[in-house]
Each structure stands twice: as C-alpha cells, then as structure tokens.
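Colleague: Could you walk me through a ligand site and the chain around it? I'd like to learn how to read each feature.

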Amino acid sequence: MQFSENVARLQPSATLAVSTLAKKLKAEGRDVVDLSAGQPDFDTPEFIAEAGIQGIREGHTRYTPTPGTPALRKAIAATYSQRLGRPVDPSSIVVNSGAKHSLFNAMFSLFGPGDRVLIPVPYWTSYPEMVTLARAEAVPVVGDPARDFHMTPEDLEGAYTPQVKGLLLCTPSNPSGGVYSLDELRAVAEWAKARDIWIIADEIYRLINFKGEGPAPSVLDLPEASRGNVVVVDGASKAFAMTGWRIGHTYSDPALAKKMSDLQSHMTSNPSAPAQQAVLAAYTQWDRSMKEVGKMVEAFKRRRDLATRLFEELLPAFSYVRPDGAFYLYFRVDSLFDERLKDSSAVCTWLLEDAEIAMVPGVAFGDDRYVRMSYATSDELLEEGIRRLAKAVVER
Ligand SMILES: Cc1ncc(COP(=O)(O)O)c(C=O)c1O
C-alpha cells in the first residue's frame, strides 16, 4: 500500500513493541520478568484518583477549553511561579494528552522543512520520529560515555550548522538515568542562546532524582541571562504514577503556547476532562503530592542501589551509566556480540526467549551497543531478572 511522505520513514515505538511482546509471552504462560516498563509500578495516589472519580460524578465529562481548564492551567502556572520566583501567567501553560503529545506539539510548531534539530544520544525513542514527522531533520549528537553522555558546548558545536533550530534536552534521562548538573545545563543553555536555538527541555522525570535533595536541576533554575528560548515539557505520568490518565503540559512563551493550542484544537481538542480534574488535585495539593512522590523516589533509589550492586557483583565486565534519576539502567552489551548476536536487538531477543527477561535494545535510543533495563518493578523481580541475566551470560 502506498502511504504519504508524512509517514514514509515512520517506525513504530520500539519500547512499546518490547513490552507488548513480553505481555504476549506472559499471557501464553511464560514466566517472563518484564524489565522493559517505561512506567512506575505504583498505583496513582488515592486522593488524586478519587478527584478523577469525583470529577466524573460532578459532570466534568464534556469538552473543556482546548489548552486545559482555567483551574488546571492556573494551578500548574503557580508551580512555575514558585520555581521562578515571579508570577507566571496561565496563558504560558498548555495541557495536553500526555508529555508525548506536548513534545509533538512543540516540535511541530517550531520546526519544519529545512530545519535541523540536535538530539543527544542516547535519546528517548520518539524524539527523532517526531522531528521527522515535522519534516525537519533529526541530527543525533554523541557525547562522551565518561561524562554519562552529557552534552558539552564542544559536542554541540561539532554538530552545528546554520539550519539547526532546536535542541532536545532530557534530564533525568530516559534511557540513561543521567542527570545534568546545573553547571552542565548552564554551559549548554548559554551555547544554545548564543546560537539562537530553541531548547525543548523534557523534564518528565525531574522529580525522580536521587542526587541531592529535591528535583533534578532544570534550565529554569538558571538565571534568565543564561538561557534563551525554552519550552519545558512535563506531566503527571511518571512522577504521580498516572501514565494511563494521559496528562502532560508545556510551559513556554504565551505566543508559542497559543500556537500549540491552535494545533491541538485541530488534533485532539482538550485532554480528558476527568483526568484534568485528577491532576488538578495533584497540583493544588502539592505538599501531599510531594509526600507520595517522595515514597516512590525512595523505592526507585533503593532499586537503583540494588541493581547497581548486583551488576558490580554478578556482571563486573558490563559497564553502565550510573543512574541518578528516572528508573532505568543503561548498560553496554557489545562484549556479547558475535555471529549470532549481531546487535542489541538480537541480544534482547535471545534474553527474552532463552532467559525470559524483557529489556529494550539500545538501538531504540540511538546506540546499538547498549540495552535499557527498567527498575520500575518490585525488588524481588528486579533481583530475579538480573540473576537470570548473569546466569545467561555466564552459561553462554
Ligand atoms: C523522556 C520521556 N518523555 C516523554 C514521555 C511521554 O510521557 P507521557 O506518557 O506523559 O506521554 C516519556 C514516556 O516514556 C519519556 O520517557
């Protein structure tokens, strides 16, 4: 069948493909340890879920304004006011159907034919696809593993051409769990400002940070003089364990927010009305939400420590990025490559079929030497998964 140029190069989401296959094998009765999940294994906090149920009962079941209810935009804007120490107008906020949607709105509104967008490797699998859907060109930029792949101005300058209009920055990172320091962010933001390049700051994992107290550093923590044009993408999915509710948002200049809202008005209209009511409770009862987030972050940190300890003990030859945030361990598998296991996909297929562990091949994140393991699962399953991995590697 002939499809349009718009989707000619489109690839399905590799991360979703692995979890779908793992679910299928499990349904067939196979004892698969699924370490491919891109979502917290916790339930949505009770008071947030209740607010969604209440929302349905109170009749929040119709269209809302496209960029979200005034109450939710105001509540989200208040969190940015707090962070920035100055009033933020709710017109800067657009609420979307998940951060994936927020990212698409931003990329489609800012980039088009002839533009190039720098995407640090390893990247979240959807970034290059979204840039391509906007008919712009995705330019992967490889950083130094010794710096957890964090970009420096020199890395970025090496990929710069006058067509470069944007830079994707994801910290804490999916897939590496790397967290940029404020100094690293300052250097990158000042470079982007000097080059008049938009930063799309994907902060969906900002609250899942193990380095120091509180959230991971953000470009918004920098003085205004150090940053130029920025769109912040965030949402309820990861921090509040709300992936299925599908609520994300952008914070940007109001003119861009208006354009993204106009785009959304022709695509999805407003995000789900009851889900907005649930997320409203999360933002208006911030201290309560932070307590819930704190409990989840504690569990993720404990599992990070467990996973890295087991790697040191059982898989000392495997190098990995030490995760400081999010809930992923990104480790190198090219030492296993041979005639049969030619790449990261072959390694993951072998591990799924023979050792019954599901993980995502690094090719989905732009580096075929790596594999991503998610530790958003119970301590027991995580330990079982890593022990199976070690056994499979030793027995091979
Ligand atoms: C880095 C990153 N950004 C955005 C998203 C999308 O989040 P949402 O589920 O809110 O669309 C994900 C989800 O996996 C992610 O890992």
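**The ligand and its chain**

Modeller: Let's start with the shell around the ligand: its residues divide into seven nonpolar, three polar and four charged. Here Ala, Val, Leu, Ile, Met, Phe, Trp, Tyr, Cys and Pro count as nonpolar, Asp, Glu, Lys and Arg as charged, and the others, Gly among them, as polar. This is a predicted model, where local features need pLDDT of at least 70 and side-chain atom pairs count only at pLDDT 80 or more, while totals for chains, interfaces and linings use all residues. Residues are numbered from 1 along each chain as its sequence is written, and side-chain values use heavy atoms, with hydrogens and water left out.

Colleague: How many residues surround the ligand, and which are the closest?

Modeller: A residue is near a molecule if one of its heavy atoms lies within 4 Å of it. In this model 14 residues surround the ligand, the closest being Asn174, Asp202, Ser237, Lys238 and Arg246. Helix α4 (residues 99-110) gives the most to this shell, with three residues; helices (H or I, at least four residues) and strands (E, at least two) are DSSP runs, numbered from the N terminus.

Colleague: Which polar side-chain atom lies 2.7 Å from an oxygen atom of the ligand?

Modeller: A polar contact is a pair of N or O atoms within 3.5 Å; within protein, one must be able to donate a hydrogen and the other to accept it, and residues adjacent in sequence count only if both atoms are side-chain atoms. The atom you ask about belongs to arginine 246. Serine 237 has a side-chain N or O atom 2.6 Å from a ligand oxygen, and for tyrosine 205 the distance is 2.8 Å. Taken alone, the ligand exposes 390 Å², and the protein buries 93% of that (accessible areas by the Shrake-Rupley method with a 1.4 Å probe).

Colleague: Which peptide bond is cis with omega near 25 degrees?

Modeller: That bond runs from asparagine 174 to proline 175, and proline 175 is in the loop between β5 (164-170) and α7 (182-194). Another cis bond joins valine 121 and proline 122, with omega about 0 degrees.
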